[in-house]
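Trainee: I would like to learn how to read a structure one feature at a time. Could you take me through this one slowly?

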Amino acid sequence: MEFSFIGTLQKIFAESGFVALVHEPRNLIMIVIACILLYMGIVKKFEPLLLVPIAFGVLMANFPLTGLLNPPDANGNVGLFWVFYQGVQYAIYPSIIFLGIGAMTDFGPLIARPSSMLLGAAAQFGIFSAFLLALGLGFPEKVAAAIGVIGGADGPTAILTASKLAPEYLPPIAIAAYSYMALIPMIQPPLMRLLTTKKEREVKMEQLRTVSKAEKIAFPIVVAIFVILLLPETAPLIGMLMLGNLFKECGVVDRLSDTAQNALINIVTIFLGLSVGCKATAATFLRWETLMIIGLGLLAFMLSTAGGLMFGKIMYHLSGGKINPLIGSAGVSAVPMAARVAQTEGQKANPANFLLMHAMGPNVAGVIGSAIAAGFMIKVFGG
């Protein structure tokens, strides 16, 4: 009995993942990376709602012999994570995330000051700049377009674009997008202080006008009609974003609005995070191109912030000093974090400054702008 028991243990160990890791040590590197990402999400609280499931997906994907990523075989066997990933492959998860974002978003500040849309558009500068730089570095057009969209600081949009144009690069693009969204309080303030003067940062803006209920109801309908007819490729994101917002504003589907804001978006966030993480295997992630993508993503985000700030300075001068250029930095679509950073920096310069609602206009405009930019990229390079 003793010999049989020991032999069984030896057989179990010989067929275990520990032995497999010896033959593929790169998986061990990815396991370490997953643990670092978990540390960033749990201890440092960097976008934990997405970084924690993404990191755990990376961890699970790099355990050898699990079969979690196996496609269907002749016997009907299929890996669990392969099934989850179909929601990314067919743009289901990002679209549902946008439904929830729409249900949580107040477009009132944008409606009250339509010029905020220009700041949201200016903050997409980094997308196209990074696209051109990626082309110069030798990336194919489709991959360069997907990399550029990281500059919009919108995770679902970056995921959708990558899944359409560069699925093999989806893990580093998604992780870069969400990492930079989480690092906004560290990345943006130095740029804000560098590109604006103290006098500009001190500007106290007038209170926005009150937006009527009718305007708030009409806005998602009008935007959906105009944008989707102009760029049909934006339909999955813009359509769901505006539907969610209509749920919120129309006042007759409170249960649907509550579900979209809470239960639905939370459930889909779990599947989205695991699906993105599970594609970050050693074979696809540990490449020189990955480091280049992460670097280009950071550059894209910084240029987008700079683009919004510079256009904010233009509006400052055109308005006779009535618009604080700091709100231009919120043109990236990380809602509401970018608006909060603008508020914080404004109060540092002038304790009487209350820029949050003013910054929310460019912030929500950035959500629309990044979706339009992504739709443009998919239209041009998706054929």
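**Reading one residue, then the whole**

Mentor: Leu165 has its place in helix 11, residues 155–165, where helices (H or I, at least four residues) and strands (E, at least two) are DSSP runs numbered from the N terminus. Keep in mind that this is a predicted model, in which local features need pLDDT of at least 70 and side-chain atom pairs count only at pLDDT 80 or more, while totals for chains, interfaces and linings use all residues. Residues are numbered from 1 along each chain as its sequence is written, and side-chain values use heavy atoms, with hydrogens and water left out.

Trainee: Which residues does Leu165 touch, not counting residues up to four places away in sequence?

Mentor: Contact means heavy atoms within 4.5 Å. By that rule Leu165 touches Lys142, Ala145, Ala146, Met377, Ile378, Phe381 and Gly382, with residues up to four places away in sequence not counted.

Trainee: How many helices and strands does the protein have?

Mentor: The protein has 21 helices and zero strands. Its radius of gyration, taken over C-alpha atoms, is 23 Å, close to the 21 Å that the globule rule gives for 383 residues, so the protein is as compact as a globular protein of that length; the rule itself is 2.2 Å times the number of residues to the power 0.38. Along its principal axes the C-alpha trace spans about 90 × 45 × 40 Å, and 54% of the 383 residues count as buried. Of the contacts with a separation of 6 or more, 77% are accounted for by residues 24 or more positions apart.

Trainee: How should I read the packing of two helices, and at what angle do helix 9 and helix 19 pack?

Mentor: Two packed helices are described by the angle between their axes and the distance between the axes. Here axes are lines fitted to C-alpha atoms, for helices over the stretch in contact, and angles run from 0 to 180 degrees between N-to-C directions. Helix 9 (residues 125–136) and helix 19 (residues 288–318) pack at about 145°, with their axes 7 Å apart. The contact is made by Phe125, Gly126, Ile127, Ser129, Ala130, Leu133 and Ala134 of helix 9, together with Leu296, Leu299, Ala300, Leu303, Ser304 and Gly307 of helix 19.

Trainee: Which residues touch the most other members of the largest nonpolar core?

Mentor: A nonpolar core is a set of buried Ala, Val, Leu, Ile, Met, Phe, Trp, Tyr and Cys residues joined through side-chain atoms within 4.5 Å. The largest has 116 residues, of which Phe107, Phe139, Ile173, Met242 and Leu272 touch the most other members. Helix 21 (residues 356–381) gives the most to this core, with 12 residues. Leaving aside neighbours within four places in sequence, Phe107 is in contact with Phe219, Leu241, Met242, Asn245, Val364 and Ile368.

Trainee: Where is Ser370 found, and what does Ser370 contact?

Mentor: Ser370 is found in helix 21 and counts as buried, because its relative accessibility is 1%. Neighbours within four places in sequence aside, its contacts are Gln124, Gly152, Asp154, Thr157 and Ser333.

Trainee: Which details of the backbone deserve a careful look?

Mentor: Most residues other than glycine have a negative phi, and most peptide bonds are trans. Leu65, although not a glycine, has a positive phi of about 70°; Leu65 is found in the loop between helix 4 (48–61) and helix 5 (80–89) and is exposed, with a relative accessible area of 64%. Ala153 also is not a glycine and has a positive phi, of about 55°, in the loop between helix 10 (141–148) and helix 11, but Ala153 counts as buried at 1% relative accessibility. A cis peptide bond, with omega about -10°, joins Val335 and Pro336, and Pro336 lies in the loop between helix 19 and helix 20 (337–349).

Key
Buried < 20%, exposed > 50% of the residue type's maximum accessible area, 1.4 Å probe, protein only.
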